[in-house]
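Here are my notes on this model, as numbered points. Please read them with the structure open.

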Amino acid sequence: MSDTHDTTPAETQDEPRLDLHQTSDQERLDGLIAQLRADVAGQNAATVDKAVRGRLAETGVPAEEEVILALIAELAADQATD
C-alpha cells in the first residue's frame with residue numbers, strides 16, 4: 001500500500017521555541033554576572049578577567065569595557081571579604 005496518512009496533529013510544536021521568552025541585553029548580562037559570582041568570586045584578578053571575558057565572548061552578551069573592568073574588580077575583591 002502506498003497510501004500513507006500523516007498522523008501528526010496539525011498544531012504540534014516540533015522544534016524548540018527559542019523566541020518564547022525575549023530577554024534584554026541587560027537581563028542576559030545580569031544572569032551572566034550571577035553565574036560568574038557563583039563560579040569565580042574571590043579568585044585572583046587574572047582568573048576573573050579570563051572568565052569574564054571568555055563568558056562574554058561565548059554568549060555574545062555585549063558589555064562596555066568600563067562594566068567589564070568594574071565587574072572584574074568587584075569579583076576579585078570578594079576574596080578580601082571572605
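1. Surface first. The protein chain exposes about 6400 Å². Carbon and sulfur atoms supply 50% of that area. Bear in mind that this is a predicted model.

2. Overall make-up. The protein chain has three helices and zero strands. Read from the N terminus, its elements run α-α-α.

3. Of the 82 residues in the protein chain, 20% are buried; the cut-off for buried is under 20% relative accessible area. Take the contacts in the protein chain with a separation of 6 or more: 63% of them join residues 24 or more positions apart.

4. Which residues of H2 are buried? They are Val48, Ala51, Val52 and Leu56. These four cover an arc of only 120° around the axis, so they sit on the same side of H2. Ala46, Lys50, Ala57 and Glu58 are on the other side of H2, and they are exposed.

5. The ends of H2. At the start of H2, asparagine 44 is the residue to look at: one of its side-chain oxygens comes to within 3.1 Å of the backbone nitrogen of alanine 46. Alanine 46 is also among the exposed residues in point 5. Just after H2 comes glycine 60, with a positive phi of about 75°.

Note on methods:
Residues numbered from 1 in each chain as written. Predicted model: local features only at pLDDT ≥ 70, side-chain atom pairs only at ≥ 80, totals over all residues. Heavy atoms only, no water. Buried < 20%, exposed > 50% of the residue type's maximum accessible area, 1.4 Å probe, protein only. Helix = DSSP H or I, 4+ residues; strand = E, 2+ residues; numbered from the N terminus. Arc of directions from axis to C-beta. Polar contact = N/O pair within 3.5 Å; in protein donor to acceptor, adjacent residues only side chain to side chain. Contact = heavy atoms within 4.5 Å. Areas by Shrake-Rupley, 256 points an atom, 1.4 Å probe, with all protein chains shown as cover.
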